[in-house]
Amino acid sequence: MIIIQGGRVIDPKSGFDGLADVALEDGKIARIVKRGAEGKGESIAVKEGDQVICGEGLVIAPGLVDVHVHFRDPGFTYKEDIHTGAKAAAKGGFTTVVCMANTNPKVDKVETLQYVLEEGKKTGIHVLSCGAVSKGFDGRTMTDMEALKAAGAAGFTDDGVPLRDQRFLYQAMKEAARLKLPISLHEEDPAFIQENGINHGAVSEKLGIYGSPALAEDAMVARDCMIALDTGARVDIQHISSGNAVAMVRLAKSLGADVWAEVTPHHFTLTEDAVLEYGSLAKMNPPLRTQKDRQQLIEGLKDGTIDMIATDHAPHSREEKEGPLTKTPSGIIGLETSLALGITQLVEKGHLTLLQLMEKMSFNPARMYGLDCGRLEEGAPADLVIFDDKKQWTVKGFVSKASNSPFLGWNLTGKVVMTICGGKIVYQEDVDEGI
C-alpha cells in the first residue's frame, strides 16, 4: 500500500479541497481520511511494508487528462514516439492522454489504431487514441467508425485538417452521436487563410504577410455549433483561439448543444506579439491572436464556456523549426509546462482557483470522453499527480524528443513532484526522468 500523508487533497468532482491522507492499493484509491483545517485528527495507520509519501506542503490531485496530443507514431517518430511522448506526459503530471489521428498512416483503420493502443500499454500511463473521421483525411469518405469504436477508439477527429464539406460533417456527427463518442474538430477554413500559423493583424502586417484571420475559425465554429445542436453529437471545439469563437460556443451551450471547448496554455498565455520575439516557436494553428482575444479566452475559462485545458502537444525537429517563418511547421510542445502555466497565468493571477484548474485539466476532460478517471475518491483509479503549487522553477529542457517551445528559459510557478498511474509511480522529480 502507498500512503500519502497530510497533503492538500483536491477532488474536482466533489469540490473537496483540504488536508487528508490518501491510501492506494491494488491500483485503486483505497481510503481517504480528512484531517481537518489544521491537519489534526485521524490519520491512516501505517503497516510494515507500506510505502509512505509525505504530502506536507504539496497538492494531491487526480492525474491530469490531456484530450489533445500528437505523439507522431507511426510515421514521424523522429519528432516524437509513443514512449517519449508518454514520458513527457508523466513528467507533466498527466496519467491519461488522447492521441490525434494525423499520423502516417492515418488512424483510419483498425490495424493502425491497435498499434497505437498496444504501444501505449507499454508506457505506464493511459495512452488512448481517436480514430479518423474520414479515410486518409480526405474529408469526403467516412471511416468505419463503428469498427474503430469496437477496437478502442476514444472518439473521432481529423485534427490538423478542417472538415469543409458540411454535408459530410453532418453525417459524421450523426454517426458519432449514434455511437455515443465525441467528435473533435479543427476549426480553420483555408478559404480565408494565406499564410497559416500567424494571426492576420498588426504583427502579420509588420512581417509583410496576410496570415490567418480569426474569421477562418469563427465561421467554422458557428457552423459546427449549429450542426452539433441539430445532430445531438458531442462536439469538441479544439484549441479555441478567438474571442468570437468563444461567444459562439457560449451561445451553442445556451441553446442546449452538447458542445465542449478546449484551450491551450499557449493561447491563454501569449499573443501574436510573441511571433516577433520567438519566431517559429510561436507559430501554431490556430495562431496566437490579440490581447483582447486572450482576455476573452480567460473569461471563457472563468464562466465555464471553455471546459478544458489541452496542450495540443505538437513536437517538431529543430531543423524543421529553423526554416523560413512562413515555411516552418506550426505547433509547439506543451505537456511538461502545461500545469505550471495554468498555475502561473490563471491561479496566481486570480482567474481560477486551484480546484477550478483541476476541473479543467482532469475532471472535465475525463467527463467529455466518458473516462473512469479525473476524480479523487475512494474506489477511483489510483491515478494521481502530486505537485508543489508554490515552487518556482526555470524551464531548462525536456524529456520529449522535441524542444520546440517558446517557454524555454521562462520562470514558472508550480512543479510536479510525482505522478502515479494505476497505483505505480511513473515519474518522480530528481529520481526519474520519466517512465
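The questions and answers below take up pockets, cysteines and rings in turn.

This is a predicted model, in which local features need pLDDT of at least 70 and side-chain atom pairs count only at pLDDT 80 or more, while totals for chains, interfaces and linings use all residues. Residues are numbered from 1 along each chain as its sequence is written, and side-chain values use heavy atoms, with hydrogens and water left out.

Reader: What is the volume of the largest pocket?
Author: A pocket here is an open set of points on a 1 Å grid over the protein atoms alone, where a 1.4 Å probe fits, with protein on both sides within 12 Å along at least five of seven lines, and its lining residues have an atom within 4 Å of a point. The lining of the largest pocket numbers 24 residues, with Asn102, Gly160, His186, Asn285 and Ser330 nearest its centre. Taken as the space filled by probe spheres set on the points, which are joined across faces, edges and corners, the volume is about 510 Å³.

Reader: Which element gives the largest share of the lining of the second largest pocket?
Author: The second largest pocket holds about 180 Å³ of space, and its lining includes Leu117, Lys121, His126 and Cys421. Two elements give two or more residues to this lining, helix H2 (110–120) and strand S8 (126–129), where helices (H or I, at least four residues) and strands (E, at least two) are DSSP runs numbered from the N terminus. The largest share, three residues, comes from S8.

Reader: Stacked or edge-to-face: which describes the pair of phenylalanine 407 and tryptophan 410?
Author: Rings of Phe, Tyr and Trp (its six-membered ring) pair if their centres lie within 6.5 Å, and planes under 30 degrees apart count as stacked, over 60 as edge-to-face and the rest as tilted. Phenylalanine 407 is buried at 1% relative accessibility, whereas tryptophan 410 is partly exposed at 21%. Their ring centres are 4.8 Å apart and their planes stand at 85°, so the pair is edge-to-face.

Technical notes:
Buried means under 20% relative accessible area, exposed over 50%, partly exposed in between (1.4 Å probe, protein chains only).
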